[in-house]
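Here is a short briefing on charged side-chain pairs. Look at the structure first, then work through the points below.

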Amino acid sequence: MKIVRVGATPLNVPVVIDLLGLHKETSLSLCLTEIETDTGLIGHGMTAITEEEVIATAVREVAGPALIGEDPLASERLWNKLYWLLSPRGQTGYASHAIAALDIALWDLKAKALGLPLWRLLGGARSRVPVYATFGFGFFDRDQLAEAAKLFVSQGFRRLKMTVGDHALARRDEPRPIDKVIAEDERRVAAVREAVGADVNLYVDANCGLDLFHATELAQRIEPYGITFFEEPLTQNDVRQMAELRRRTRIPLACGQNEGLAFRFRDLLVQQAADVLQPNVAITGGYSQCLKIAGMAQAFNVPIDNGGAWPFHNMHLHAGVANGGLVEYHYVAVALLRQIYDGLPEPEDGWLTLPERPGLGFEPNVDRVKDIARRPLSRGKGKA
């Protein structure tokens with residue numbers, strides 16, 4: 001079996017949010033990939049939280065041609081080939097996104113060729129995974145946020161995540177004092193905790209938007225509200241500062257969803273800089289690399305969870321490995337994925353049951369993808 005075609009489709013997908021009387025139109029970008037063999041089998045992959053046109057060009061012009069004629073089952077050899085082609089000096093960024101998108105497609109194809117659901121091929125540790133719902137976005141005011149939290153609890157979710165920090169560092173030239181942002185974050189966290197009670201796990205995510213001083217202040221302010229973990233509190237996931245922040249707060253720290261290479265997770269582990277690692281198969285080099293990161297985390301007795309959305313791809317990793325953890329059910333990202341794919345599972349009482357169909361267990365809807373692809377791509381797109 002040989003690879004005969006590699007394709008990439010950049011998409012900017014409009015998403016309409018209708019919750020609690022709030023109507024908001026936004027969009028998210030992603031790049032779909034597909035790898036076809038001379039037997040007719042096709043594997044599908046994707047990446048996101050980046051500029052989809054750049055990834056599509058890298059796949060079509062550089063990475064894809066290098067895979068033509070290769071054995072698609074040799075995922076480890078092909079990952080290494082793509083690494084030296086796209087990241088010869090250890091860069092992360094776009095290269096890791098492109099590798100992730102192609103690696104996912106290769107594993108989807110391999111599992112189909114072997115007649116196995118991917119999670120079983122990855123190890124088959126469990127047939128369902130727990131999820132947490134990312135519901136609490138900055139476009140909600142405080143009262144809407146509390147009502148949204150109660151809505152998701154009524155739908156069976158007992159683990160909820162909200163954003164904090166309001167991208168403070170990226171917006172520091174705006175006339176908006178960061179101290180007021182932090183104070184409002186405390187009030188928003190308090191409102192959600194009061195709305196859902198003490199028995200619901202609550203997570204917060206600053207999206208790498210704070211410096212050490214303000215992350216420390218926010219962490220100390222919200223400690224009384226029983227936060228299960230504080231995700232991406234610091235810009236660049238700065239390993240030294242993450243370790244320092246971990247000494248300053250009782251809240252567990254989580255990060256890693258946007259890291260491109262395994263050595264970054266090694267450094268987080270060695271420096272004891274995180275309580276939870278968050279490799280994301282759609283960003284962190286695909287399944288091939290995330291399996292290695294899961295192994296490192298297990299050796300250090302540090303748990304792994306999914307951050308950065310894309311639950312239906314990440315659920316296979318967390319069902320496959322013995323130390324798999326939570327999967328992020330990101331409300332906006334899920335709304336996007338349901339426009340693209342057929343056969344996606346629905347969560348029940350805070351759990352996703354893995355499909356038994358070979359491969360990922362779901363497929364892109366070709367007609368809908370073509371329709372979305374015909375629309376003009378736009379700048380300033382939202383990111384999950």
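**Salt bridges in a predicted model**

D275 is partly exposed, with 22% relative accessible area; the term covers values between buried (under 20%) and exposed (over 50%), using a 1.4 Å probe and protein chains only. This is a predicted model: local features need pLDDT of at least 70, side-chain atom pairs count only at pLDDT 80 or more, and totals for chains, interfaces and linings use all residues. Residues are numbered from 1 along each chain as its sequence is written, and side-chain values use heavy atoms, leaving out hydrogens and water.

**The rule and the count**
- Side chains of opposite charge can pair when their charged atoms come close.
- A salt bridge here is a side-chain nitrogen of Lys or Arg within 4 Å of a carboxyl oxygen of Asp or Glu.
- By this rule, the count is 30 salt bridges.

**The pair R246 and D275**
- R246 and D275 form a salt bridge, at 2.9 Å from N to O.
- R246 lies in helix α8 (residues 239–248) and D275 in the loop between α9 (262–270) and β9 (276–277), so the pair ties together parts 29 residues apart in sequence.
- Helices (H or I, at least four residues) and strands (E, at least two) are DSSP runs, numbered from the N terminus.
- R246 is partly exposed, at 29% relative accessibility.

**The pair E356 and R120**
- The closest N and O atoms of the E356–R120 salt bridge are 2.9 Å apart.
- E356 lies in the loop between β12 (351–353) and β13 (363–364) and R120 in helix α4 (residues 118–121), so the pair ties together parts 236 residues apart in sequence.

**A network**
- Salt bridges link K161, D205, E231 and E328 in a network.
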